[in-house]
Amino acid sequence: MKVLIHETQATAVDCVAGLFADRLKQEPETVLGLATGGTMEAVYERLIARYKAGDMSMAKARSFNLDEYVGLRPDHPCSYWYYMRKKLFDHVDIKPENTFLPCGDAPDPEVEANRYEDAIAAAGDIGLQLLGLGANGHIGFNEPTSSLASHTRIKTLTRTTREANARYFDSFDDVPRLAITMGIGTIMRAEEIVLLAFGEAKADVVAKMIEGPVSAACPASILQMHRKVTVVIDEAAASKLALRDYYEEVHPEVRAPS
Ligand code: PGA
């Protein structure tokens with residue numbers, strides 16, 4: 001696991017946008033795994049700026065998002081379809097027909113989850129996967145105790161996840177209880193993973209993910225078993241890491257960019 005500790009959120013976001021753009025330059029047809037949530041918003045802003053500056057193109061890429069709420073139509077303002085269109089897709093050159101999310105309003109969500117898993121596999125699996133990190137250790141909506149080998153399926157959201165996401169809805173009770181999420185096994189098949197987390201509120205879970213035991217109690221800890229993961233964090237999120245000095249020694253260029 002490559003752990004990059006940035007002094008500020010701004011340079012951490014630039015770093016992730018840079019990794020993303022570099023990958024697309026090397027391989028324009030990359031299958032992208034995309035995430036939603038507050039942390040990703042700044043990344044998408046940077047990607048849009050790069051696209052407008054002629055520094056990144058998504059014209060040949062395909063994308064699969066991690067998850068979607070069960071019961072929300074794609075045009076619902078709290079759906080992740082809506083988020084992706086507003087925060088990224090409408091502002092860059094990715095072809096709409098190459099963007100995929102699970103359909104939250106599918107008549108049979110279980111069938112939809114299986115269809116989505118098959119579509120990812122048929123695309124050759126994810127090339128570059130972006131991840132945020134839930135305060136409870138979730139990646140996608142794989143809540144604690146999720147099978148570490150799981151495929152795309154329906155998950156019941158924890159109360160803490162629904163509380164964290166209530167800010168996007170009119171009230172807590174409006175936050176759906178179920179979501180369709182890529183499984184942990186699905187995510188682990190990605191060739192390369194970049195996870196971004198900020199702030200003191202994530203410090204405990206960042207330490208568990210990087211230095212704790214691999215355990216379904218902290219689903220993100222499975223990333224220790226992946227061959228190519230880059231964790232990009234700010235100093236606040238790094239504050240509980242026991243081996244912080246070591247990570248800084250291994251990657252001095254993060255603190256003193258040339
Ligand atoms: P956040 O969510 O970026 O809004 O903190 C991350 C997540 O829950 O995966």
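Start by selecting Asn 65 and Leu 34: the side chain of Asn 65 reaches the backbone oxygen of Leu 34 at 3.3 Å. This is a predicted model, in which local features need pLDDT of at least 70, side-chain atom pairs count only at pLDDT 80 or more, and totals for chains, interfaces and linings use all residues. Residues are numbered from 1 along each chain as its sequence is written, and side-chain values use heavy atoms, leaving out hydrogens and water.

Stay on Asn 65, which sits in strand β3 (residues 62–65); strands are DSSP runs of E with at least two residues, helices runs of H or I with at least four, numbered from the N terminus. Asn 65 has a relative accessible area of 0%, so it is buried (buried is under 20%, exposed over 50%, partly exposed in between, with a 1.4 Å probe and protein chains only).

Next, the largest nonpolar core, which has 82 residues (buried Ala, Val, Leu, Ile, Met, Phe, Trp, Tyr and Cys joined through side-chain atoms within 4.5 Å). Select Phe 20, Tyr 44, Leu 88, Ile 233 and Leu 241, the residues with the most contacts inside this core. Helix α1 (residues 9–26) gives the most to this core, with 8 residues.

Last stop: Val 250, in helix α8 (residues 244–250). Val 250 counts as partly exposed because its relative accessibility is 39%.

Terms used:
A polar contact is a pair of N or O atoms within 3.5 Å; within protein, one must be able to donate a hydrogen and the other to accept it, and residues adjacent in sequence count only if both atoms are side-chain atoms.
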